[in-house]
Amino acid sequence: MSMFSTGILVLTSPLHTLPLRIAPVLSSAAQVVERTLYVHLHPGLNLGAGGGQPRPVFIQPVVDLSSLITGLYSNAANVCGHLDVRVLLTNVRAQPNNASSPETGGTGVACNPFPSPQPLSHSPEVVLTDYALQDPGQSPLVAQCLQRYTCHCYVCTPGLASVLLHPQLQKLEEEVEEGQKDDWDSRSERMETYSEVVVGGTFDRLHGAHKTLLNISCLLANKRFLIGVCDQELLKKKVLKELIEPYALRVQRLQEFLQDVKPSLQYEIVPLSDPFGPSVIDAQLQCIVVSEETRRGGEAVNKKRLENGLPGLVLHEIQLLKDAHHTEMEEEKISSSSLRSRLLGTLLTDPKQNKSHLPPVPYVIGLTGGSGSGKSSIAQQLEALGAVRIDSDQLGHETYRPGEVAYNRVLEEFGSDLINEDKTINRRALGRKVFGNKERLKALTDIVWPEMALLVKERIRQAREEGKQVCVVDAAVLLEAGWTDIVHEVWVAVIPEEEAVSRITVRDGVSQEDAVRRLQSQWPNTQQVEQANVVLCTLWEPEITQKQVRKAWDLLQKRIQQSREGAKPPS
């Protein structure tokens, strides 16, 4: 069966059976769609009946629907985590008239939520449905009916394909015990909705838990939805904060998702520099959506509102989604921090294409990181896996040897009083002359770094002559010295500043203040990560670092092999 980039799944099963169908239906859809899967809900839609083309109708925001959305995103994370699943809610709206009709499965009223087709961020190329055929001979009619229905609701790619999914299920209605049915019916009461709703979060790498929060907030909101997005100060304590997407990108992805889900709402996205933001001063807000984990934060918001003379907000609590794929070092819930940790060792950005001046063999990795980051231990592990390690610190010492070009130029620039009795340069005295003076430090690096680069290139040439396949240039100054043009990829080791300070004081016997000053004289982690193809972190136990390095090495071998075969490198 052909694969499509974007699809739309029309779910027609009654609400009380849908939860049992979701996993197999999503699994089947993932065999057809490879990037974005929109989900349109129309319980009770009959695509096989005569008497005219079925039309979309509004359905009520009932409690069943909220539970279904939670289950849908939870199942999607488990069975088709590669898909960007988005539940569309344009046809979900509270109606004053609660009259039911067979076409809506008893949850809506017959009026048209789509006066014109809704454009989506990605135009569907295929429509899928869980509709159960009563007769295989109906298939062409149902497919045609499904295409017309979908094109009435959404702007689709011309020549929209259709697929009738047939999950291997028995008649679920017979399997569901009466008590279970009664339970679903008892929860089908209408949800309380509100004019204006607020949520807050980091919203990094938008995942199923974020989407659940956003979708249910859209269910609750009738007019305005305010979203606070953590920025700057609130990100400082986050795990692997260097890998958090830029604020502008997170906002862009939020806007795209929300515009797809419910374009009728007024969305307001604001940066959060403190835990409360506008939630404690906006008098129009009525409801805040929280999880069991953030409920205390919601209660703190209400305390502040009362102090400000404003009424408290209704706290609507949603479930946390369990992460079926979490490891021992990750949280049990679906979280952005777990997703960031899984990026370690993988290719974050493709190597620049303007590397044609570099010989393909050996493939050269430039490994860098701040003081205390553990980059040298990573270099040693890569050496054990078969790479040739080029230690730039050692090469730096060589440049200061008597008779070397840099030796004479340093003495000319900084004075002959730097000479020790054995004719070597007193590097401690040299350090005192440049410490805290950017101009003098630049004068020194302008002399030393080019000479070090020549030595690095010579070591790479020697490795090539010896038939070595991979070199690792272990260089703290890789980026500052502008050596990216002599390596194929840049790998960066990062750790939080507090941990780096702790390591430096223990390793070098210096004060915390000196350790902080040393780190501040170097490029910050964020700036280094911006130029990284691969990021590693040595914050955790050595075994975890070893797994990262092994993963990075194995993926590197695949990239090297495929680049030689002319294929696109995997991530």
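The model is predicted, so local features are reported at pLDDT of at least 70 and side-chain atom pairs at pLDDT 80 or more, while totals for chains, interfaces and linings use all residues. Residues are numbered from 1 along each chain as its sequence is written, and side-chain values use heavy atoms, without hydrogens or water.

The protein chain holds 18 helices and 17 strands. Helices (H or I, at least four residues) and strands (E, at least two) are DSSP runs, numbered from the N terminus. The C-alpha trace spans about 100 × 65 × 40 Å along its principal axes. The chain has 571 residues, and 48% of them are buried. Buried means under 20% relative accessible area, exposed means over 50%, and partly exposed lies in between (1.4 Å probe, protein chains only). Contact means heavy atoms within 4.5 Å. Among contacts in the chain with a separation of 6 or more, 79% join residues 24 or more positions apart.

Axes are lines fitted to C-alpha atoms, for helices over the stretch in contact, and angles run from 0 to 180 degrees between N-to-C directions. Angles under 35 degrees count as roughly parallel, over 145 as roughly antiparallel, 65 to 115 as roughly perpendicular and the rest as oblique. A crossing is left-handed if the near helix is turned anticlockwise from the far one by less than a right angle, and right-handed if clockwise. For residue classes, Ala, Val, Leu, Ile, Met, Phe, Trp, Tyr, Cys and Pro count as nonpolar; Asp, Glu, Lys and Arg count as charged; the others, Gly among them, count as polar.

Helix H6 covers residues 208-220, and helix H7 covers residues 247-261. Their axes lie 11 Å apart, and the helices pack at an angle of about 45°. H6 is therefore oblique to H7. The crossing of H6 and H7 is right-handed. From H6, the contact takes in Lys-211, Leu-214, Asn-215 and Cys-218. These meet Leu-254, Phe-257, Leu-258 and Val-261 of H7. By class, the contact of H6 with H7 has six nonpolar residues, one polar and one charged.

Helix H10 (residues 375-384) packs with helix H18 (residues 542-564) at an angle of about 55°. The axes of H10 and H18 are 10 Å apart. This angle makes H10 oblique to H18. H10 passes H18 in a crossing that is right-handed. Ile-378, Gln-381 and Leu-382 of H10 make the contact with Thr-545, Gln-546, Val-549 and Trp-553 of H18. Four of the residues in the contact of H10 with H18 are nonpolar, three are polar and none is charged.

Helix H11 (residues 392-399) and helix H14 (residues 438-465) cross at roughly 120°, and their axes come within 9 Å. H11 is thus oblique to H14. Here, too, the crossing is right-handed. H11 contributes Ser-392, Leu-395, Gly-396, Glu-398 and Thr-399. H14 contributes Val-448, Glu-451, Met-452, Leu-455, Val-456 and Arg-459. The contact of H11 with H14 has five nonpolar, three polar and three charged residues.

The cysteines were considered next. A disulfide is a covalent bond between the sulfur atoms of two cysteines. The search counted a pair of cysteine sulfur atoms within 2.5 Å as a disulfide. Across the whole structure, zero disulfides were found. Cys-80 is in no disulfide, and the nearest cysteine sulfur, that of Cys-156, is 20 Å away. Cys-80 counts as buried because its relative accessibility is 1%. The sulfur of Cys-153 is 8.7 Å from the closest cysteine sulfur, in Cys-156, which is too far for a bond. Cys-153 is buried, with a relative accessible area of 0%.

Ser-123 sits in the loop between strand E5 (108-109) and strand E6 (126-129). Ser-123 is partly exposed, at 34% relative accessible area. Leaving aside neighbours within four places in sequence, Ser-123 is in contact with Thr-6, Val-155, Cys-156 and Thr-157. Ser-123 and Cys-156 are 33 residues apart along the chain, and their C-alpha atoms are separated by 5.1 Å.

Ser-341 lies in helix H9 (residues 336-343). With a relative accessible area of 11%, Ser-341 is buried. Not counting residues up to four places away in sequence, Ser-341 touches Leu-240, Met-329 and Glu-330. Ser-341 and Leu-536 are 195 residues apart in sequence but 9.2 Å apart in space, C-alpha to C-alpha.
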